[in-house]
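Open the model in your viewer and keep the sequence panel beside it. The tour below goes one selection at a time.

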Amino acid sequence: HLHRGDQLPWPTSAEVAAGTSELLLGDDECAFMAQVDTASTQQAVERFAGREHDLPALCWVNLNVTDVAGHRAGPHSDLVRAAIVDSDRRLARVLDAVEAAGVLDRTAVIVMADHGMQLSSPAEATSLEEHLPAAAGWHLVDHALAYEIP
């Protein structure tokens with residue numbers, strides 16, 4: 001079993017390259033995130049292999065390269081398309097491992113994203129302050145993140 005503070009194996013360059021588009025590997029930020037996504041995928045696959053431990057009751061696989069690619073090149077870019085294809089392959093590896101473990105029929109799989117993206121013009125940018133209710137109770141961080149304080 002893994003315990004807090006345990007060091008997890010980091011994927012080799014060859015392992016990352018095997019599952020990552022050359023386009024992504026050509027961008028330093030995307031290449032790093034592909035390493036993180038490869039590690040996340042490998043750890044999930046290992047957990048469902050169940051060789052030295054019980055199968056997980058809950059498994060969270062976080063894939064980030066699509067987010068980084070979107071911020072780097074925009075939502076309709078070739079970089080994002082490559083990131084989606086790579087993430088789809090990684091998800092397939094995890095689902096294959098769940099199926100091989102014999103628990104696919106009793107496993108809920110939820111795919112989520114932290115936000116969408118759309119192209120916008122910097123000339124049309126507005127501050128959140130203009131859209132927040134006039135009432136007190138809002139905390140604004142860097143004019144970009146707003147939190148309602150109960």
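What share of the contacts in the chain with a separation of 6 or more comes from residues 24 or more positions apart? Such pairs account for 54% of those contacts. Keep in mind that this is a predicted model.

**The whole chain**

Select everything and colour by secondary structure. The chain holds 5 helices and 2 strands. Followed along the sequence, they come in the pattern α-α-α-α-α-β-β. The chain has 150 residues, and 25% of them count as buried.

**Helix α5**

Now select residues 78-100, which form helix α5. This helix has 23 residues and reaches 33 Å from its first C-alpha to its last, close to the 33 Å expected at 1.5 Å a residue. Move on to Gly102, which follows α5 and has a positive phi, near 80°.

Go back to α5 and show its side chains. Which of its residues are buried? They are Leu79, Val80, Ala82, Ala83, Asp86, Ser87, Arg90, Val94, Ala97 and Val98.

Select Thr38, which sits in helix α3. Is Thr38 buried or exposed? Thr38 counts as buried because its relative accessible area is 4%, and the cut-off for buried is under 20%. Next, show the side chain of Arg90, one of the buried residues of α5. A polar contact of 3.2 Å joins the side chains of Thr38 and Arg90. Leaving aside residues up to four places away in sequence, Thr38 touches Pro11, Glu15, Val16, Thr20 and Arg90.

**The largest pocket**

Rolling a probe the size of a water molecule over the atoms shows where empty space is left. The largest pocket holds about 1,300 Å³ of space. It is lined by 36 residues, and those closest to its centre are Val61, Asn62, Ile110, Val111 and Met112. Select these five to find the place.

Which helix gives the most to the lining of the largest pocket? That is α5, with 8 residues. Both α4 and α5 supply at least two residues each. Colour the lining by class to finish: 24 residues are nonpolar, 8 are polar and 4 are charged.

Conventions. Residues numbered from 1 in each chain as written. Predicted model: local features only at pLDDT ≥ 70, side-chain atom pairs only at ≥ 80, totals over all residues. Heavy atoms only, no water. Helix = DSSP H or I, 4+ residues; strand = E, 2+ residues; numbered from the N terminus. Expected span 1.5 Å × (residues − 1). Buried < 20%, exposed > 50% of the residue type's maximum accessible area, 1.4 Å probe, protein only. 1 Å grid on protein atoms, 1.4 Å probe; cavity = no way out; pocket = protein on both sides within 12 Å on 5 of 7 lines; lining within 4 Å. Points joined across faces, edges and corners; volume = space filled by probe spheres on them. Nonpolar A, V, L, I, M, F, W, Y, C, P; charged D, E, K, R; others polar. Polar contact = N/O pair within 3.5 Å; in protein donor to acceptor, adjacent residues only side chain to side chain. Contact = heavy atoms within 4.5 Å.
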